Amino acid sequence: MAVEQANLCTPQDAAVVRTLRVFRDPHVDRELEPATVLIIITKHVMSSPSLNFQTQISGLILSLSFSGQRNMSNSVIEVPPKGGFSFDLCKRNEMLAKKGVNPPSFRKTGTTIVGLVFQDGVILGADTRATEGPIVCDKNCEKIHYMAPNIYCCGAGTAADTEAVTDMVSSQLQLHRYHTGRESRVVTALTLLKRHLFNYQGHVSAALVLGGVDVTGPHLHTIYPHGSTDTLPFATMGSGSLAAMAVFESKYKEGLTRNEGIELVTEAICSGIFNDLGSGSNVDVCVITKGGKEYLRNHLQPNPRTYTNSKGYSFPKKTEVLLTKIIPLKEKVEIIEGGDAMEE
Amino acid sequence: MNFMASKQPENSLLGPESDSQRTLYPYVTGTSVVALKYKDGILMAADMGGSYGSTLRYKNVERMKAIGKHSLLGASGEISDFQEILRYLDELILYDNMWDDGNSLGPKEVHNYLTRVMYNRRNKFNPLWNSLVLGGIKNGQKYLGTVSMIGVNFEDNHVATGFGNHLARPILRQEWHENLSFEDGVRLLEKCMRVLLYRDRSAINKLQIAKITEEGMTISQPYSLKTYWEFSAFENPTQGAVGSW
């Protein structure tokens, strides 16, 4: 019986439900009869003088649902009828937004990320600016995330989402490596990521460029927040993707060597940095080949601080130091030799 | 409470004038125009497509026209509004010729006129739904400017409208320099138009390039760009990743 699903609006209603629960003896294998409940409620209503209480109780009665079946339900906790992601708060957020209360803006990586397949492997590139609305909150963040020793992933979109999702899949890949005893494949990472993102129907705002080299060869994939993927020889994502794609479309050719590839990737990222407001600062590059990987952090720094005082900044002396005395802390902990502290 | 969706929130101040006369949404649209200054004048490129929503309805729309002796106008956006602008400019040039004083309107003047027209229309909530590119040369002075549908105007060494801003401007910023030769300018414009053809869904492979110099305006015959689709990496991209796409 679904006494628990009563719509609680006031403490008085809670008192009624508590009374009902007391009546439901857990040791007796029997459910409360609907009639019993009505009697209890009526008694409460009669004894209470306030009209308010009565109208609320009538509301309570309306929302009580009596199921014909008699099944043993021990759970008192309210669970959603179906499992999975609960979208209840979305309605409330919509209502608040209509009244002008907007949620805080996410820390996004308004970004330029690119990937390129060349002769022996994959080159990934990214800019390093993280924005919070119109403000640059991190001038030198890392957008190329580690997935496996042979797989790296660039992330655009909400920073928390890209970090969390790549971290999670990276851990899953490691467990899988232990389980199988083999090097991870890029398609594994791809499937894990796209399953997760599709499950959340685009609410996990992560747009990724996944690249790596495994036994089957070099691979490059793009993954969109709703869970669709593309397999491409060159790809760009993020707000600066059009600027970077313009460079790729005009300068890509077959059979690129490693240095040519790095140069093309750097040029594409620079195009994003200088033509898109959401991207900026430095260029990160990651080259993955069969032999191994090379993570070139801040490979290019085209935006250094222009006017820096060579003498540095001398903070004005405010208070005079009269005396400097160092007293070493007395050790209160005795170090026991040998023996594992955890051993019982 | 009135729940009916009212289509006249901003028109309430204007009384009985209905919206039958205002451009609320564009219907037949042209896509980007790209232009740059070169040694002898201005080079401008635009394709010949007029899209009706997502259909490619008209494939022979000339979106670039000469204005007077010294200017060249290219437009993207609503084609009917572009034709209206051409009528306004026709009248302007006609009146200028009637003065018969040996003086003629240069590109700077025409650009200013267009800015005023576009901004005033926008203030009346009845915009001409176009992004215009105005280029020309008069007395050795090259001029290249742009006006948007809300009246934003500026002049620069290279301009683009619509998607061209995102795809062509980065290329132009990197590769444009003073005193480009005619061939180099055309090559650069073609590079931009090719990227637009690859990545803009409303672009078609039939374009014209117009040039304006002291001698006058010439506009090329429509031609198409060579595109390359044979990269081996695109032939079977999911070879190694069976099951993905």
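This is a predicted model: local features need pLDDT of at least 70, side-chain atom pairs count only at pLDDT 80 or more; totals for chains, interfaces and linings use all residues.
User: Which residue forms a salt bridge with Glu267(A)?

Analyst: The general idea is distance: a side-chain nitrogen of Lys or Arg must lie within 4 Å of a carboxyl oxygen of Asp or Glu. Glu267(A) pairs in this way with Lys251(A), and their closest N and O atoms are 2.4 Å apart. Glu267(A) sits in helix H8 (residues 258-275) of chain A and Lys251(A) in helix H7 (residues 241-251) of chain A, so the bridge ties together parts that are 16 residues apart in sequence. Helices (H or I, at least four residues) and strands (E, at least two) are DSSP runs, numbered from the N terminus.

User: How many salt bridges does the structure hold over all chains?

Analyst: The total over all chains is 15. Another one in chain A joins the side chains of Arg297(A) and Glu142(A), at 3.8 Å from N to O. That pair links distant parts of the chain, 155 residues apart: Arg297(A) is in strand S13 (residues 293-300) of chain A, and Glu142(A) is in the loop between strand S5 (135-138) and strand S6 (144-148) of chain A. Both ends are partly exposed, Arg297(A) at 28% and Glu142(A) at 43%.

User: Now chain B. Where do Arg63(B) and Asp47(B) lie?

Analyst: Arg63(B) and Asp47(B) form a salt bridge, with the closest N and O atoms 2.8 Å apart. Arg63(B) is in the loop between strand S5 (55-58) and strand S6 (64-67) of chain B, while Asp47(B) is in strand S3 (residues 42-47) of chain B, so the pair ties together parts that are 16 residues apart in sequence. Relative accessibility puts both in the buried class: 1% for Arg63(B) and 3% for Asp47(B).

User: Which residues do salt bridges that share partners join into one network?

Analyst: The members are Lys251(A), Glu267(A), Glu175(B) and Lys191(B). Lys251(A) meets chain B through Glu175(B), with 3.4 Å between the closest N and O atoms.

User: How many residues of chain B are in contact with chain A?

Analyst: Contact means heavy atoms within 4.5 Å. By that rule, 24 residues of chain B touch 26 residues of chain A. Buried area is the accessible area (1.4 Å probe) that two parts lose on being put together, summed over both. Here the two chains bury about 2000 Å² between them, with 62% of it on carbon and sulfur atoms. Between chain B and chain A there are two salt bridges. A polar contact is a pair of N or O atoms within 3.5 Å; within protein, one must be able to donate a hydrogen and the other to accept it, and residues adjacent in sequence count only if both atoms are side-chain atoms. Four residue pairs meet that rule across the interface, both residues at pLDDT 80 or more.

User: Which helices of chain B each supply at least two residues to the side that touches chain A?

Analyst: They are helix H3 (163-175), helix H4 (182-199) and helix H5 (232-235) of chain B. H3(B) gives the most, with eight residues. By class, this side of chain B has 13 nonpolar, six polar and five charged residues. The classes work like this: Ala, Val, Leu, Ile, Met, Phe, Trp, Tyr, Cys and Pro are nonpolar, Asp, Glu, Lys and Arg are charged, and the others, Gly among them, are polar.

User: Last one: what is phi of Asp100(B) near?

Analyst: Asp100(B) has a phi near 50°, a positive value in a residue other than glycine. Asp100(B) lies in the loop between helix H1 (79-99) and helix H2 (107-123) of chain B, and is exposed at 68% relative accessibility.

Methods: Residues are numbered from 1 along each chain as its sequence is written. Chains are lettered from A and ligands numbered from 1 in the order in which they are written. Side-chain values use heavy atoms; hydrogens and water are left out. Buried means under 20% relative accessible area, exposed over 50%, partly exposed in between (1.4 Å probe, protein chains only).
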